[in-house]
Amino acid sequence: MQIDQALAERVMKLYQDVDATLDDLRVPEKERKEIEQNLMEAIAADLLVRLGEKLNEEEKGELAKMGEASGGQPDLNAVAGFFRGKFAQEDLVHNLAQATESVLSEFTEAMSH
């Protein structure tokens, strides 16, 4: 699998920027973990939107049923399996990197003001 090296490097640098920003703000460890958890959730949501836009109506319906069947909280493993069945691994990794880059750059930009 070919990974976009430049994109991977940008994402790694963004993680370093987030760490540096949290260090600069002297964020306590407990709050830091909470912020990191929130960032992971934001990345997952961004990824879901990116991949969802590439689905056809029938596929979107299948995904919606997964959410309805579990009361709005779909099994993340089932959702991940659904997307693995619809997209090449390279596509998934590329979209994950783009979602990560988007969320982390917005975060560091917002925190630096």
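This is a predicted model: local features need pLDDT of at least 70, side-chain atom pairs count only at pLDDT 80 or more; totals for chains, interfaces and linings use all residues.

Glu59 lies in helix α3. At 17% relative accessibility, Glu59 counts as buried, where buried means under 20% relative accessible area, exposed over 50%, and partly exposed in between, with a 1.4 Å probe and protein chains only. Glu59 and Thr21 are 38 residues apart along the chain, and 40 Å separates their C-alpha atoms.

Residues are numbered from 1 along each chain as its sequence is written, and side-chain values use heavy atoms, with hydrogens and water left out.

Now to the overall architecture. The protein has five helices and zero strands, and its pattern along the sequence reads α-α-α-α-α. Helices (H or I, at least four residues) and strands (E, at least two) are DSSP runs, numbered from the N terminus. Taken along the principal axes, the C-alpha atoms fill a box of roughly 45 × 35 × 20 Å. Of the 113 residues, 30% count as buried. Among contacts with a separation of 6 or more, 74% come from residues 24 or more positions apart.

As for the surface, the accessible area is about 7800 Å², and carbon and sulfur atoms hold 52% of that; such areas come from the Shrake-Rupley method with a 1.4 Å probe, and for residues only the protein chains shown count as cover. The protein has 12 positive and 24 negative side chains, and the centres of the two sets lie 1 Å apart. In that count, Lys and Arg are positive and Asp and Glu negative, while His and the chain ends are not counted. The place of a charge is taken as NZ of Lys, CZ of Arg, CG of Asp or CD of Glu.

Which residues of helix α4 are buried? In α4, residues 76–86, they are Val79, Phe82 and Phe83. Seen down the axis of α4, these buried residues fall within an arc of 90°, so they line one face of the helix; the arc is that of the directions from the helix axis to the C-beta atoms. As a general point, an α-helix has 3.6 residues a turn, so residues three or four places apart point the same way. The face of α4 turned away from the buried side carries the exposed residues Asn77, Arg84 and Gly85. The cover over the buried residues of α4 includes α2 (29–52), α3 (57–69) and α5 (89–111).

The aromatic residues belong to this part of the account. A search of the whole structure finds two aromatic pairs. Phe82 and Phe83 form an edge-to-face pair, with 5.4 Å from centre to centre and 80° between the planes. Rings of Phe, Tyr and Trp (its six-membered ring) pair if their centres lie within 6.5 Å; planes under 30 degrees apart count as stacked, over 60 as edge-to-face and the rest as tilted. Phe82 has a relative accessible area of 10%, and Phe83 has one of 5%. Phe82, Phe83 and Phe87 form one aromatic cluster.

Ala97 is buried, with a relative accessible area of 16%. Leaving aside neighbours within four places in sequence, Ala97 is in contact with Leu7 and Val11. Ala97 and Asp4 are 93 residues apart in sequence and 9.2 Å apart in space, C-alpha to C-alpha. Asp91 is also in helix α5, and is partly exposed at 38% relative accessible area.

Finally, consider helix α1 (residues 5–24), which holds Thr21. Is Thr21 buried or exposed? Thr21 is buried, with a relative accessible area of 14%. Its contacts, leaving aside neighbours within four places in sequence, are Thr108 and Met111. In the loop between α1 and α2 we find Arg26, which counts as exposed at 74% relative accessibility. Phi of Arg26 is near 50°, a positive value in a residue other than glycine.

Conventions: Contact means heavy atoms within 4.5 Å.
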